[in-house]
Amino acid sequence: MLKNRSTWSHSTPHRKESCTLQNEPRIAQTTEPYDLVITGADLVATMDATRNEVRGGWVAVRDGRVAAIGTAGTEPDATDRLRADGCLITPGLINTHHHIYQNLTRSFAPALNGDLFDWLRTLYPVWSRLDEEASYVSAWIGLAELALGGCTTTTDHLYVHPRGGGDLISAEITAATELGMRFHPTRGSMSLSEKDGGLPPNSVVQDDDEILADSERLVLRHHDASDGAMVRIALAPCSPFSVTPALMRRTAELAERLDVRLHTHIAEASNEDEYCLATLGKRPLEHFEDVGWGSDRSWVAHCIFPNEAEVGRLARWGTGVAHCPSSNQLIGGGLAPVREMRDAGVHVGLGCDGSASTDCASMWIEARGALLLARLRGGPASMRAREVLEMATLGGAACLGRTDIGHLSVGAMADLVCWPLEGILFAGALSDPVEAWLRCGPNAARHTVVHGRPVVRDGSLVSTRVDEMLGRHRTIASDWLAAATR
């Protein structure tokens, strides 16, 4: 029950992601208490089909789904309660691009000041030490960090698979399951080594048949296509300069047969254009289309350098874009044409990218960065906080091919965040909670709820294993650093 739609002022209409909400499950009516009710919020920004905003709102949860939404004074009984006094409630933020294992080389001094290609050449040998323990521990810490920053669903692009390293993606999934995070890992790959004209060393590449066989194995073992799934697998050859055209084509064919999504880096750096023209005879997005990836099954990372015609192609294909503001700045990549992509109808989500390039994994920081970069590029009228919230929720869901997350509607998954808007940092920010959410701050979650269960409660992780996992993480990161600097 949605009542009392907010009238917070904003001078331009919302530009909506073309993500329709279909076949929403209905919650059975019962007199039993709800599993969880979140009460006392200043505002609930539902991001539903009509963008309802409820002042003084509450959200009730049953069986992992949103069961009801209402206003102060009508709160129902519940087995558990979370107080959201002084908070903005939003759908959980969705991270559409990450390389979680890279938090083991955070702020890695030997690689700090080169361009993208130099940075990768320095780090590939370090990452060749990745194994199941490192994958599990880095994923646990990375997912915990994301949850503290209001993320409820994340993908991960794990493309380094050293020989003998073990089942890295299953190790990540174990960490996500333990923490209770919704997880879309991608089976990344590299097949084009230095000796073949690519960028990565031989130690971190695999042959096409090995990659495809393992991709199918992981999908059959872990992928859940059902509504409300906690784990889904996508296939993700790394980039035009690290995989062969043949692998791109065969991966697209396998994804079609298994009915899973596709992900890759594209148009990330200006020298990527030069590389593709010199080695493939075409621009990166021309190559992308030529190998069968131009479809609504795909979403791509960065996409800083598409031309106007290519933006139109992305929209026609239905291909999503993971916009990574912090990484684009720290690597010096450039200003992505986000306004043009959204206006053309491209599904644009947000991504943290790897911790070795971004060095912190906060979806709030990415959201604020998206606001600032768009206004730097196009002026103060070119982006507003509600549009950024769309990218961080509905846009991300569209990139991942989901309609059951990214909004708070009856029947949708109960993934939500309570953002405190109190204290010195928000003093005087009274006119519009959504704008204040990004303009003031910094901000982190008071509560993060995934599938109806708190993962972060009162600003702290629910898990009691933080100190243990930090110790394990430090040991691995120290070993890698020592090996790299001998």
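Let's start inside: the largest cavity in this structure has a volume of about 120 Å³. Of the 15 residues lining that cavity, Leu 116, Trp 119, Leu 120, His 265 and Glu 268 are the closest to its centre. Keep in mind as we go that you are looking at a predicted model. How do you find empty space in a protein at all? Rolling a probe the size of a water molecule over the atoms shows where empty space is left. Here, a search of the whole structure turns up four cavities of 30 Å³ or more.

Helix 1 has 12 residues and reaches 16 Å from its first C-alpha to its last, close to the 16 Å expected at 1.5 Å a residue. Which of its residues are buried? They are Leu 116, Phe 117, Trp 119, Leu 120, Leu 123, Tyr 124, Val 126 and Trp 127. The buried residues of helix 1 pack against helix 6 (270–279), helix 11 (355–358) and helix 15 (466–484).

Now for the pockets. The largest pocket holds about 280 Å³ of space. It is lined by 16 residues, and His 223, Arg 232, Asp 259, Val 260 and Arg 261 lie nearest its centre. Strand 10 (residues 182–189) gives the largest share of the lining of this pocket, three residues. Sorted by class, the lining of the largest pocket has seven nonpolar, five polar and four charged residues.

Most residues other than glycine have a negative phi, and most peptide bonds are trans. Phi of Asp 259, though, is near 55°, a positive value in a residue other than glycine. You'll find Asp 259 in the loop between helix 5 (245–258) and strand 12 (261–266). Is Asp 259 buried or exposed? It counts as exposed because its relative accessibility is 57%, and the cut-off for exposed is over 50%.

Follow the chain along strand 12 and you come to Ala 267, in the loop between strand 12 and helix 6. Phi of Ala 267 is also positive, near 55°, in a residue other than glycine. A cis peptide bond joins Gly 441 and Pro 442, with omega about 15°. Pro 442 has its place in the loop between helix 14 (433–439) and strand 17 (447–450).

Next, visit a pair of residues that touch each other: Ser 298 and Thr 319. Ser 298 is found in strand 13 (residues 298–302), while Thr 319 lies in the loop between helix 8 (308–317) and strand 14 (320–323). Ser 298 counts as buried because its relative accessibility is 0%. Thr 319 counts as buried because its relative accessibility is 0%. What do their side chains reach? A polar atom of the Ser 298 side chain lies 2.8 Å from the backbone oxygen of Trp 293. For Thr 319, a polar atom of the side chain lies 2.7 Å from the backbone oxygen of Ser 295. Leaving out residues up to four places away in sequence, Thr 319 touches a list of residues including Phe 288, Trp 293, Trp 299, Leu 314 and His 347.

Our last stop is Asp 208, in helix 4 (residues 208–222). Why does Asp 208 count as buried? Its relative accessibility is 17%, and buried means under 20%. Asp 208 and Ser 191 are 17 residues apart in sequence, yet 6.6 Å apart in space, C-alpha to C-alpha. Neighbours within four places in sequence aside, Asp 208 is in contact with Ser 191, Thr 244, Ala 246, Leu 247 and Arg 250.

Definitions and conventions
Residues numbered from 1 in each chain as written. Predicted model: local features only at pLDDT ≥ 70, side-chain atom pairs only at ≥ 80, totals over all residues. Heavy atoms only, no water. 1 Å grid on protein atoms, 1.4 Å probe; cavity = no way out; pocket = protein on both sides within 12 Å on 5 of 7 lines; lining within 4 Å. Points joined across faces, edges and corners; volume = space filled by probe spheres on them. Helix = DSSP H or I, 4+ residues; strand = E, 2+ residues; numbered from the N terminus. Buried < 20%, exposed > 50% of the residue type's maximum accessible area, 1.4 Å probe, protein only. Polar contact = N/O pair within 3.5 Å; in protein donor to acceptor, adjacent residues only side chain to side chain. Contact = heavy atoms within 4.5 Å. Nonpolar A, V, L, I, M, F, W, Y, C, P; charged D, E, K, R; others polar. Expected span 1.5 Å × (residues − 1).
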